[in-house]
Amino acid sequence: MEMKNPLAVGLLALLVAAMAVAAAAHDDDDVPFTDEDLESEQSMWNLYDRWRAVYASSSSHLGGDIESRFEAFKANARYVSEFNKKEGMTYELGLNKFADMTLEEFVAKYAGANVDAAAALASVPEAEEEMVGDVPAAWDWRQHGVVTPVKDQGSCGSCWAFSSVGAVESAYAIATKKLLRLSEQQVLDCSGGGDCGGGYTSTVLSEFAVKKGIALDASGNPPYYPPYQAKKLSCRTVAGKPVVKMDGAASVPSSNEVALKQSVYKQPVSVLIEANSNFQLYKQGVYSGPCGTSINHAVLAVGYGATPDNTKYWIIKNSWGTGWGEKGYIRMKRDIAAKSGLCGIALYGMYPIKKTVAISMVVDAVDSY
């Protein structure tokens, strides 16, 4: 038998090992590690190298030297390790794609929700909408074909656009039985609701989606709006471009999780929350904080439920890709003592109104935005 080159064999072994690490990390949505990986500076560098083999591009846009990224990674790795050792917690943290970012860097790039309380309260009060009364103990709109796949806002604080568009997509699907992928890029460019530094869901839902309409995104059939690029560009218009319009918007009564539950049973609801370091590094389970009500992030509530031990939760669709959390989702504890709800989730809920139309797809047309 012919002897193989030892160097080639060694390189092959390293390649196979790196591929195994990457596969394991993507399977678990984070890079696994043990206490031994945290024992010394060298072992931490080895862990960081393993992490970078999977997520090297995640924070490359932040700039700075690798040492500063490593310092943030070390702090996060130690925090994750200590947190996951606590007893009685309902969720776990992990070394996901945000693990070499400080909280300040993370919030600046991946959050971006602003609050316009006056605009939210000015929308049609839910009391004027049909109340649903008693609702099921658990509900998940994903099981009814009205929620689009998890998207990724990239390093742009456009969560407000993704939350708003998700709510419109679902409202239209419930009314028409047609689930369309709509354009966050168009909302970012044309709605006037904000930019990559943050924006207002209330502007999109109560104004732009009603008066102008949201176009199909590039995953649909043409004519559609150009693909999402994680940056605000000039608004591009095409006469006669098909758009989805809403008939209005409604606010969920503030500080009332019962009302929010009724609303979510009717349709997915755009909600605003505080995203902190635990939210940043969330891996799985029912997220229970701690967190406050310093609103900085917009997400979409698509259902609710409870664990076998009766820990109640909201089902939240995020916009950080499927590699974060539970395939892009997070379960957040529901029915807590604070009226604001966990992380302020019950403060500023809003949803678009779309009256039932014919089963065939009806897409309004406009001449310009």
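This passage goes through the disulfides of a predicted model and then turns to one pair of packed helices.

Searching the whole structure turns up three disulfides. Counting the bonded cysteines along the protein chain in sequence order, they pair up as 1-3, 2-4, 5-6.

Start with Cys 156 and Cys 196, whose sulfurs sit 2.0 Å apart in a disulfide. The torsion about this S-S bond is -90°, a left-handed link. Distant parts of the chain are linked here: Cys 156 comes from the loop between β3 and α6, Cys 196 from the loop between β4 and β5, and 40 residues separate the two. Cys 156 has a relative accessibility of 0%, so it counts as buried.

Cys 159 is a cysteine that stays out of this bonding. Its closest cysteine sulfur belongs to Cys 156, but at 9.0 Å that is too far for a bond, given that a disulfide needs the two sulfurs within 2.5 Å. Cys 159 is also buried, again at 0% relative accessibility.

Next comes the disulfide between Cys 190 and Cys 235, with an S to S distance of 2.1 Å. This one is right-handed, because the torsion about its S-S bond is about 100°. Cys 190 lies in helix α7 (residues 184–190), while Cys 235 is in the loop between β6 and β7, so the bond ties together parts 45 residues apart in sequence. As for accessibility, Cys 190 is buried at 16%, whereas Cys 235, at 33%, is partly exposed.

The disulfide of Cys 291 and Cys 343 has its sulfurs 1.9 Å apart. Its torsion is -90° about the S-S bond, which makes the link left-handed. Cys 291 is found in the loop between β10 and β11 and Cys 343 in the loop between β13 and β14, so that distant parts of the chain, 52 residues apart, are linked.

Now for the helices. The axes of α6 (residues 159–176) and α8 (residues 201–211) come within 8 Å of each other and cross at roughly 45°. The two helices are therefore oblique to each other, and α6 passes α8 in a right-handed crossing. On the α6 side, the contact is made by Trp 160, Ser 163, Ser 164, Ala 167 and Val 168; α8 brings in Thr 201, Val 204, Leu 205 and Ala 209. Sorted by class, the residues in this contact are six nonpolar and three polar, with no charged ones.

Terms used
Residues numbered from 1 in each chain as written. Predicted model: local features only at pLDDT ≥ 70, side-chain atom pairs only at ≥ 80, totals over all residues. Heavy atoms only, no water. Axes fitted to C-alpha atoms, helices over the stretch in contact; angles between N-to-C directions. Helix = DSSP H or I, 4+ residues; strand = E, 2+ residues; numbered from the N terminus. Parallel < 35°, antiparallel > 145°, perpendicular 65-115°, else oblique. Left-handed = near helix turned anticlockwise from the far one by under 90°. Contact = heavy atoms within 4.5 Å. Nonpolar A, V, L, I, M, F, W, Y, C, P; charged D, E, K, R; others polar. Buried < 20%, exposed > 50% of the residue type's maximum accessible area, 1.4 Å probe, protein only.
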